Amino acid sequence: MNIASDIILEEKTAIGSFDFPTNPMTAVDAIDQILASAAHMRASDIHCDPRKEDTIVRFRIDGRIGEVGTIHKRLHDEVIARLKILSGARTDIHALPQDGRWRNVLNGCEYNIRISFMPTYHGENAVIRLLPSKTSADTSFAKLGFTPDHVHLIDKAMKNTHGLILVTGPTGSGKTTTLHTCLSLKVREPLSIVTLEDPIEYEIPGVRQVHVRHSHGVTFGSGLRAALRQDPDVIMVGEIRDNETAKVAVHTALTGHLVLSTLHTNSALEAIPRLVDMGVDHYLLASTLRLIIAQRLVRTMCHECFAEGCDRCGNSGYHGRIVIAEVCEVDTLLRDHISMKSSSSVLEDIARSNGFCPIIEDGIEKVDWGITTRTEVMSILNI
């Protein structure tokens with residue numbers, strides 16, 4: 001156990017720990033050390049959760065969260081104040097949620113850092129998201145984990161000049177990264193591209209990115225209507241979450257624009273009844289849908305210890321994550337059955353006859369290849 005005057009860090013078998021100097025620390029020192037350690041350990045999120053006697057510091061690594069240390073109660077308010085100054089948040093507001101952001105270089109890599117402050121019973125909580133400035137446009141589908149068959153279908157769909165392409169899955173399944181990688185195929189072309197995002201996670205050169213702000217009256221639906229007056233060829237809508245956005249997105253795809261978006265469904269084909277529930281007519285879906293991707297992120301086995309646990313993976317047995325996915329091309333036959341309001345089971349049989357493979361099969365294939373484990377796949381898919 002490594003003890004500083006105001007910080008106590010304990011060895012955690014599933015996450016690991018980070019080291020602080022043993023001399024007395026300031027809030028500035030504490031934040032610098034926490035951020036550097038989080039970047040070194042590949043953490044995507046940092047949680048600073050106040051309790052009665054201290055503040056827990058937790059890292060989320062490869063989708064799993066674990067405690068890495070504590071900050072003495074005396075230092076908590078100073079840490080929060082310093083984070084507010086860095087992120088441009090109001091230091092005189094403590095009873096309301098706030099958001100902020102800034103850029104920082106950590107371990108030689110530039111990061112876009114987002115932070116959310118929330119008042120809790122024992123003080124203000126802070127959750128920090130670390131996003132490498134290197135955009136996801138620099139990542140290929142193969143590196144993300146998509147198979148050659150998946151990549152072929154995605155490339156084919158992205159050659160359309162109009163229609164709707166959807167990426168589905170729960171929060172934290174990598175949908176935004178996949179959409180940005182799709183956009184990288186279009187950025188190379190002389191096109192007008194607009195994105196509506198909440199929030200903007202990565203900067204994409206050559207693309208007009210709009211931050212959707214509900215507090216300012218800018219929703220996905222109203223933002224999409226405004227974007228149509230900007231002469232776009234391709235529009236990315238961060239998420240279809242309500243009836244208005246669903247209807248506007250489909251009509252936009254119908255009128256000569258390529259629309260990319262995300263939807264919260266468990267499988268690719270569940271996107272169809274979900275959009276119908278949002279008030280979109282079957283015949284409009286049949287006319288506009290081009291491709292539906294459903295995905296999850298599974299942890300990949302550490303190739304130094306092969307899931308046994310070592311220093312490299314923080315004794316978790318895993319290092320990094322990869323996509324498992326199902327990709328459904330909406331071909332002529334499937335389009336006809338969508339128009340006829342065929343049942344979900346009929347649609348799945350038709351998709352399978354055209355080569356569609358459910359996500360579980362992609363997961364098991366990656367287990368067979370030694371990329372991940374059966375336990376991880378089953379856990380992520382709740383099987």
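How many bridges pair strand β7 with β8, and in which sense do the two strands run? Strand β7 (residues 109-120) and β8 pair over ten bridges in the antiparallel sense. This is a predicted model, in which local features need pLDDT of at least 70 and side-chain atom pairs count only at pLDDT 80 or more, while totals for chains, interfaces and linings use all residues. Residues are numbered from 1 along each chain as its sequence is written, and side-chain values use heavy atoms, with hydrogens and water left out.

- Helices (H or I, at least four residues) and strands (E, at least two) are DSSP runs numbered from the N terminus, and two strands pair if DSSP finds at least two bridges between them.
- β7 and β8 form a hairpin, with two residues between them.
- Within this pairing, Asn112 has Leu131 in β8 as its bridge partner.
- Strand β8 (residues 123-132) also runs antiparallel to strand β3 (residues 43-50), joined to it by four bridges.
- Here Cys48 stands opposite Ala126 in β8.

- Asp45 sits in strand β3 and is buried, with a relative accessible area of 7%; buried means under 20% relative accessible area, exposed over 50% and partly exposed in between, using a 1.4 Å probe and protein chains only.
- The side chain of Asp45 makes a polar contact with the side chain of Ser44 at 2.8 Å.
- A polar contact is a pair of N or O atoms within 3.5 Å; within protein, one must be able to donate a hydrogen and the other to accept it, and residues adjacent in sequence count only if both atoms are side-chain atoms.
- Setting aside neighbours within four places in sequence, Asp45 is in contact (heavy atoms within 4.5 Å) with Arg58, Phe59, Arg60, Ile128 and Arg129.
- His76 belongs to helix α2 (residues 73-87) and is buried, with a relative accessible area of 3%.
- A polar atom of the His76 side chain lies 2.8 Å from the backbone oxygen of Glu124.
- Again leaving out neighbours within four places in sequence, His76 is in contact with Pro50, Thr55, Gly123 and Glu124.

**Aromatic rings**

- Rings of Phe, Tyr and Trp (its six-membered ring) pair if their centres lie within 6.5 Å; planes under 30 degrees apart count as stacked, over 60 as edge-to-face and the rest as tilted.
- By this rule there is one aromatic pair.
- The ring centres of Phe141 and Phe146 are 5.8 Å apart and their planes stand at 80°, so this pair is edge-to-face.
- Phe141 is buried at 5% relative accessibility, and Phe146 is buried at 5%.
- Lys84 lies over the face of Phe117, at 5.6 Å from the ring centre; a charge sits over a ring if NZ of Lys or CZ of Arg is within 6 Å of the ring centre and within 35 degrees of the ring normal.

**Cysteines**

- The structure holds zero disulfides, a disulfide being a pair of cysteine sulfur atoms within 2.5 Å.
- Cys302 is in no disulfide, and its nearest cysteine sulfur, that of Cys310, is 3.7 Å away.
- Cys328 is in no disulfide either, with the sulfur of Cys357 as the nearest, 11 Å away.
- Cys302 is buried at 0% relative accessible area, and Cys328 is buried at 1%.

**Helix α12**

- The buried residues of helix α12 (residues 359-368) are Ile359, Asp362, Gly363, Ile364, Lys366 and Val367.
- Their cover includes α4 (148-158), β14 (289-301), β15 (318-329) and α13 (374-380).
- Just after α12, Gly370 takes a positive phi of about 80°.
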